[in-house]
Amino acid sequence: MFFRKKEVFPESPVKVDNALPTMALSSHDDKAKPSKELMNISLDAIAEARKIDLSSVCKRMKAPPFYPNIWPGEHYKLLAGFVKVCKPKCVVEIGTYQGLSLLSLKEHLPQGSKILSFDVVPWQNIEGTILKEEDFEVNRSYQIVADLSIPSVFEAHKRMLSEAEVIFIDVTHDGILEEKLYTLLKTVIFKKEPLIIFDDIRFFSMLKFWRNIVDPKIDLTSFGHWSGTGVTLWQ
Ligand SMILES: C[S@@+](CC[C@H](N)C(=O)[O-])C[C@H]1O[C@@H](n2cnc3c(N)ncnc32)[C@H](O)[C@@H]1O
């Protein structure tokens with residue numbers, strides 16, 4: 001069963017704009033638990049998210065809902081919170097789309113740090129993009145048009161990826177692409193163990209992928225995206 005974002009599950013017992021079927025899974029038999037470090041980083045990021053204002057990103061949008069400032073419920077403030085807490089030298093995003101998460105991640109990116117956003121579609125070709133040419137700055141912010149799930153393409157970017165300290169993965173949510181990316185990421189020798197944030201982990205199609213992760217992990221859906229926000233700390 002694979003539901004895309006804007007679909008409504010026909011048997012939804014409540015009338016809402018978006019509804020997806022998911023399952024409640026027992027926790028005691030999940031092999032992975034959050035480490036103390038992941039718990040601390042997460043609690044600090046949540047505390048920061050409460051204070052973060054993403055009006056500068058919302059102003060780029062033509063009409064509501066202004067997702068970046070909707071929190072909890074949307075993940076943008078939490079993403080910015082993680083950047084504020086982790087102070088990463090390099091952030092990697094996979095899935096640029098209209099640029100909402102790219103600009104949110106960039107909002108508190110320290111001076112001298114950089115963000116690389118990957119997509120298979122150039123941002124200029126995305127309808128409703130909020131990105132502008134000036135958002136891409138030498139030595140600071142780039143979009144790279146590449147499909148990292150292709151092993152040879154991944155290999156070509158491996159050295160660049162090894163610098164990532166925060167990685168945000170927001171692609172197709174079928175659980176298959178995410179699994180491919182995760183398996184390839186496991187071949188990288190990171191300079192510093194990254195924090196990896198996965199969007200949409202509550203999608204039915206993502207449940208198995210998320211469950212199978214054995215690194216320290218935490219489901220932060222209540223403080224992130226309603227469709228599921230999962231965070232892992234690399235091991
Ligand atoms: C849900 S959107 C990302 C939304 C964005 N991160 C945000 O929160 O504002 C998913 C994006 O992933 C891109 N995508 C799909 N497959 C991909 C792949 N293999 N590599 C990189 N990007 C991919 C799509 O083109 C699309 O722009």
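This briefing walks through a predicted model of a chain, topic by topic. Because the model is predicted, local features need pLDDT of at least 70 and side-chain atom pairs count only at pLDDT 80 or more, while totals for chains, interfaces and linings use all residues. Residues are numbered from 1 along each chain as its sequence is written. The secondary structure comes to eight helices and seven strands; helices (H or I, at least four residues) and strands (E, at least two) are DSSP runs, numbered from the N terminus.

**The chain as a whole**

- Along the principal axes, the C-alpha atoms fill a box of roughly 50 × 40 × 35 Å.
- Of the 235 residues, 38% count as buried. A residue is buried if 20 or more other C-beta atoms lie within 10 Å of its own, exposed if 12 or fewer, and partly exposed in between, with C-beta atoms placed from the backbone.
- Among contacts between residues at least 6 apart in sequence, 73% join residues at least 24 apart. Two residues are in contact if their C-beta atoms, placed from the backbone, lie within 7 Å.

**Helices α3 and α4**

- Two packed helices are described by the angle between their axes and the distance between the axes.
- For α3 (residues 76-86) and α4, the angle is about 35° and the axes are 7 Å apart. Axes are lines fitted to C-alpha atoms, for helices over the stretch in contact, and angles run from 0 to 180 degrees between N-to-C directions.
- The crossing of α3 and α4 is right-handed. A crossing is left-handed if the near helix is turned anticlockwise from the far one by less than a right angle, and right-handed if clockwise.
- On the α3 side, Tyr76, Leu79, Ala80 and Val83 meet Leu100, Ser101, Ser104, Leu105 and Glu107 of α4.
- The residues of this contact divide into six nonpolar, two polar and one charged. Here Ala, Val, Leu, Ile, Met, Phe, Trp, Tyr, Cys and Pro count as nonpolar, Asp, Glu, Lys and Arg as charged, and the others, Gly among them, as polar.
- Helix α3 is mostly covered, with nine of its eleven residues buried. Its buried residues pack against α1 (36-51), β1 (90-94), α4, β4 (166-169), β5 (195-199) and β7 (229-233).
- Helix α4 is mostly covered too, with seven of its eight residues buried. Its cover includes α2 (55-58), α3, β1, β2, β3 (141-145) and β4.

**Around the ligand**

- Of the 18 residues around the ligand, Gly95, Tyr97, Leu100, Ser101 and Asp170 come nearest. A residue is near a molecule or strand if its C-beta atom, placed from the backbone, lies within 6 Å of it.
- At least two residues of this shell come from each of α4 (100-107) and β2 (114-119).
- The shell divides into nine nonpolar, six polar and three charged residues.

**Backbone points to look for**

- Most residues other than glycine have a negative phi, and most peptide bonds are trans.
- Tyr97, in the loop between β1 and α4, has a positive phi near 50°. Tyr97 is partly exposed because 19 other C-beta atoms lie within 10 Å.
- Asp200, in the loop between β5 and α8, has a positive phi of about 65°. With 27 C-beta neighbours inside 10 Å, Asp200 counts as buried.
- Just after α3, Lys87 takes a positive phi of about 45°.
- A cis peptide bond joins Pro64 and Pro65, with omega about 0°, and Pro65 is in the loop between α2 and α3.
- The bond from Trp71 to Pro72 is cis as well, with omega near -5°. Pro72 is found in the loop between α2 and α3.

- Lys36 is in helix α1, and it is exposed because it has 8 other C-beta atoms within 10 Å.
- Ile213 is in the loop between α8 (207-212) and β6 (217-219). With 19 C-beta neighbours inside 10 Å, Ile213 counts as partly exposed.
- Leaving aside neighbours within four places in sequence, Ile213 is in contact with Ala32 and Thr232.
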